[in-house]
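Here are some notes for a first look. Please keep the structure open while reading.

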Amino acid sequence: MASTLEELQKDLEEVKVLLEKSTRKRVRDTLTSERSKIETEINNKMQQRPQKKPELDSEKPAAVVAPLTTGYTVKISNYGWDQSDKFVKIYITLTGVHQVPTENVQVHFTERSFDLLVKNLNGKNYSMIVNNLLKPISVESSSKKVKTDTVIILCRKKAENTRWDYLTQVEKECKEKEKPSYDTETDPSEGLMNVLKKIYEDGDDDMKRTINKAWVESREKQAREDTEF
């Protein structure tokens, strides 16, 4: 059994090294899942080992108190964020997270990503991986805080006093695609028509009736002005 435990520990160290070097989301998700499985096996093996010395019980509370639960891992998708001159702050609400051991809340940072793993919270694990941050962060100066029912990720901006309009590069690209384009070389009214068209398509029945009414009145007014000349 001892040799099996040693091999599991070696496997765990190798997975951790690969996690530190990987940047692709799919690869990191796979490695994070594998890390959880190995940690669970190690914990089970340690609990099965005979207690040779009673006094060791008081020396190993962390290894027993902070096991990785055998339950499933929940992907965190709801969060909020804001920023200061020096930090980008991500707020994750997890009921009871302040009651788990400190070592059960782990965050790994790279220059353009971070991943959070909360182990054994109410019988589940919670994971959040954010890649392609909008701008580089300082890995050494980034950290986490655990408060009542909340985990706060503190990403230290590499370039202080710069504003982040988005959290990730992907979010920026998606938002920019949604913006209506205005071609200064074409008729200015064409840009307005594009905006009205989008409002009409996205609006409810009342909004569509309002736009239709305004359109008809505008056309009638223009027709009257044309007949006067």
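Which residue in β8 does K147 stand opposite? The points below start there.

1. K147 stands opposite T150 in β8. Strands here are DSSP runs of E, at least two residues, just as helices are runs of H or I of at least four residues, numbered from the N terminus.

2. A caution on the source: this is a predicted model, where local features need pLDDT of at least 70, side-chain atom pairs count only at pLDDT 80 or more, and totals for chains, interfaces and linings use all residues. Residues are numbered from 1 along each chain as its sequence is written, and side-chain values use heavy atoms, with hydrogens and water left out.

3. Strands β7 (residues 137-147) and β8 (residues 150-157) run antiparallel, with seven bridges. Pairing requires at least two DSSP bridges between two strands. The hairpin has two residues between its strands, and D149 there takes a positive phi near 60°.

4. Both strands belong to an open sheet of four, in the order β2-β3-β8-β7, with antiparallel pairing. β2 (80-83) and β7 are at the edges with a single partner strand each, so one side of each has no neighbour in the sheet. On average, neighbouring strands of this sheet are turned by 20° against each other, direction ignored; the axes are lines fitted to C-alpha atoms, for helices over the stretch in contact, with angles from 0 to 180 degrees between N-to-C directions.

5. L121 lies in strand β5 (residues 113-121). Its C-alpha is 9.7 Å from that of P101, 20 residues away in sequence.
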